[in-house]
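Q: Can you walk me through this one? I'm new to reading structures.
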Amino acid sequence: MKKDKKPKVLWLQAITCNGNTHSFLSANNNRMRLFLNSFDLIYHPSLTTDITIKEIIEKKINFDFLLVEGAISSNKEFFSISGYSPYEMLNILVKRTKYLIAVGSCASYGGLHAKFEQNSDIQGIGDSLSAENLYILKHPVVNLTGCPAHPEWIIQTLFSLKDYGKMALDEKGRPKELYYGLAHHGCTRNEYFEWKVEVKHFGLKEGCLFYEQGCRGPMTHSNCNKILWNDVSTKTRAGMPCIGCTEFDFPRENMLETKKNIGIPNEVPLEVSKRAYLSLTGVAKTFKIGRLNKKLID
């Protein structure tokens, strides 16, 4: 990639609620200025651009990065873009790009839209590329999971690929540097988790959200509690459980519930055996730490 030329970025919206666009446009001013100074955003359907998607296809314009937001379907009656189904559009545009990035859980794995019973062929990008197009990219498809994806993840991925041409991915196609840890890491409620002090209801600053409120932080690969949203907060800081939106099985049923059997959670923190979890829980509950049972601010 030439240093004196801005890499071209094309943002395609398939079946989406536009949540990832809202997230991206909410990047802080400095990061957005850096992005615009370093990349040439040639097309985004929600922004004013000099060229239409139809002209890009007809003129066979090449670009460097194709960012796709939303799930893919071949059913034109269900959803179409300039007369093309999302499947057709994706497989046309992928021939013009070097890198393909799935922005959000719907583009990565189908997400919420894949649950619709009215259309059974809704899926993510990886399952929607024809065999011919799957291997023409310079780099494997990057999945930036999340509902939505954090704006910093989008910008950091673009710069990593621009400057180094590659980035390490995990078995789900997510960048390791962004998804190696868990949402649990950096959570301000970890002391409550360790001593099994549970929150009573949503919105409180005190208590752990795991056992009673269905928090998926200990099982969800994400750095949400390290790279904060809007630079200031996260779901768990605001009193909302992590719903595991960066995992491949999102959305699950009963997302705000911790399923239990005889009082024992069906799922315990990753790489912790149930026996070890129960042993630690039993010991922790023998301690009564007054400080953790008081309001943080009266």
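A: Domain bounds here come from an automatic or database domain assignment. On that basis the protein chain is divided into domain 1 (8–177) and domain 2 (181–297). Keep in mind that this is a predicted model.

Q: How far apart are the C-alpha centres of domain 1 and domain 2?
A: They lie 31 Å apart. The contact takes 20 residues from domain 1 and 15 residues from domain 2.

Q: What area is buried between domain 1 and domain 2?
A: About 1400 Å², with carbon and sulfur atoms giving 60% of that. On the side of domain 1, H150, W153 and R174 lose the most area to domain 2, together 35% of what that side buries.

Q: How many salt bridges are there across the interface?
A: The rule finds 1 salt bridge between domain 1 and domain 2. R174 and E247 meet through their side chains in a salt bridge, at 3.5 Å from N to O. Helix 7 (151–164) supplies the largest share of the side of domain 1 that touches domain 2, 4 residues.

Q: New topic. Where is H113?
A: H113 is in the loop between helix 5 (105–109) and helix 6 (131–134).

Q: Is H113 buried or exposed, and why?
A: H113 counts as buried because its relative accessible area is 11%, and the cut-off for buried is under 20%.

Q: What is H113 in contact with?
A: Leaving aside neighbours within four places in sequence, the contacts of H113 include I15, C17 and A71. A polar atom of the H113 side chain lies 3.3 Å from the backbone oxygen of I15.

Terms used: Residues numbered from 1 in each chain as written. Predicted model: local features only at pLDDT ≥ 70, side-chain atom pairs only at ≥ 80, totals over all residues. Heavy atoms only, no water. Helix = DSSP H or I, 4+ residues; strand = E, 2+ residues; numbered from the N terminus. Buried < 20%, exposed > 50% of the residue type's maximum accessible area, 1.4 Å probe, protein only. Polar contact = N/O pair within 3.5 Å; in protein donor to acceptor, adjacent residues only side chain to side chain. Contact = heavy atoms within 4.5 Å. Buried area = accessible area lost by both parts, 1.4 Å probe. Salt bridge = Lys/Arg side-chain N within 4 Å of Asp/Glu carboxyl O.
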